[in-house]
Amino acid sequence: MTQSFWLFGNRLTIIADHTTTDGQYDLIEGYNPPGTMTPLHRHTRYSEQLYVLDGELTVWAGEKKVVLTSGESFLISPGIPHVVGVLSDQPARALVVSAPSSFARLIAATGTADETESADMVLFEQISAEIGDEFLGPPGTLPSLAA
């Protein structure tokens with residue numbers, strides 16, 4: 001059964017998680033409106049594979065910057081500081097595979113049913129720490145600018 005949540009302006013649909021993959025991976029479909037951008041962060045315990053279905057995602061990962069369009073993918077290995085954003089005036093839709101499973105836990109616990117609701121930041125920070133996510137700068141910070 002799929003579940004959809006809003007988190008920081010993005011609609012994230014959990015297609016598969018630890019309950020259906022034996023903890024091996026999460027499969028999430030993301031709808032990212034124009035202008036949305038993740039904060040600079042890194043995953044210390046799992047990789048993140050992005051596959052663009054529609055639109056365009058710009059990814060800054062370590063010292064690399066790539067612009068992904070429909071049908072293209074990019075792997076972000078554990079430990080790599082990164083930002084993912086939609087810089088065009090059109091939304092983007094992408095699949096995210098995180099392996100092993102953990103990202104879906106964060107989405108399910110802190111995502112909201114309505115895009116106008118705010119996430120519980122205390123819970124978000126707690127679960128992020130538990131799954132090994134580290135935030136490295138305020139929104140708008142890019143990897144090349146991080147210390």
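This is a predicted model: local features need pLDDT of at least 70, side-chain atom pairs count only at pLDDT 80 or more; totals for chains, interfaces and linings use all residues.
Residues are numbered from 1 along each chain as its sequence is written, side-chain values use heavy atoms with hydrogens and water left out, local features need pLDDT of at least 70, and side-chain atom pairs count only at pLDDT 80 or more, while totals for chains, interfaces and linings use all residues.

Q: Which residues touch the most other members of the largest nonpolar core?
A: A nonpolar core is a set of buried Ala, Val, Leu, Ile, Met, Phe, Trp, Tyr and Cys residues joined through side-chain atoms within 4.5 Å, where buried means under 20% relative accessible area, exposed over 50% and partly exposed in between, for a 1.4 Å probe and protein chains only. In soluble globular proteins, nonpolar side chains tend to be buried together. The largest core here has 27 residues, and those that touch the most other members are Ile28, Leu50, Leu57, Val59, Phe103 and Ile107.

Q: Which element gives the most residues to this core?
A: Helices (H or I, at least four residues) and strands (E, at least two) are DSSP runs, numbered from the N terminus. Elements that give two or more residues to the core include the strands E1 (3-7), E2 (10-16), E5 (47-54) and E6 (56-61), and also the helices H2 (103-110) and H3 (121-131). The element that gives the most, with four residues, is H2.

Q: How are H2 and H3 oriented where they pack, roughly parallel or roughly antiparallel?
A: Axes are lines fitted to C-alpha atoms, for helices over the stretch in contact, and angles run from 0 to 180 degrees between N-to-C directions. Angles under 35 degrees count as roughly parallel, over 145 as roughly antiparallel, 65 to 115 as roughly perpendicular and the rest as oblique. The two helices pack at an angle of about 165°, with their axes 10 Å apart. The orientation of H2 to H3 is therefore roughly antiparallel.

Q: How many residues in the contact of H2 with H3 are nonpolar?
A: Contact means heavy atoms within 4.5 Å, and on the H2 side Phe103, Arg105, Leu106, Ala109 and Thr110 meet Leu123, Phe124, Ile127, Ser128, Glu130 and Ile131 of H3. Ala, Val, Leu, Ile, Met, Phe, Trp, Tyr, Cys and Pro count as nonpolar, Asp, Glu, Lys and Arg as charged, and the others, Gly among them, as polar. Two residues of this contact are polar and two are charged, while the number of nonpolar residues is seven.

Q: Which two residues does a cis peptide bond join?
A: Most residues other than glycine have a negative phi, and most peptide bonds are trans. Pro100 sits in the loop between E10 and H2. The cis bond, with an omega of about -5°, joins Ala99 and Pro100.

Q: What is the phi of Phe8?
A: Phe8 belongs to the loop between E1 and E2, and it is partly exposed, with a relative accessible area of 46%. Although Phe8 is not a glycine, its phi is positive, at about 55°.

Q: Is Asp22 buried or exposed?
A: Asp22 lies in the loop between helix H1 (18-21) and strand E3 (26-32). Its phi is near 55°, a positive value in a residue other than glycine. With a relative accessible area of 68%, Asp22 is exposed.

Q: What distance separates the C-alpha atoms of His82 and Leu40?
A: His82 is in strand E9 (residues 82-85), and it is buried, with a relative accessible area of 0%. Leaving aside neighbours within four places in sequence, its contacts include Thr38, Leu40, Trp60 and Pro143. His82 and Leu40 are 42 residues apart along the chain, and the separation of their C-alpha atoms is 5.5 Å.

Q: How far apart in space are Gln49 and Ile80, C-alpha to C-alpha?
A: Gln49 is found in strand E5 and is partly exposed, with a relative accessible area of 27%. Apart from neighbours within four places in sequence, Gln49 is in contact with residues including Ser73, Phe74 and Val97. Gln49 and Ile80 are 31 residues apart in sequence, and in space, C-alpha to C-alpha, they are apart by 12 Å.
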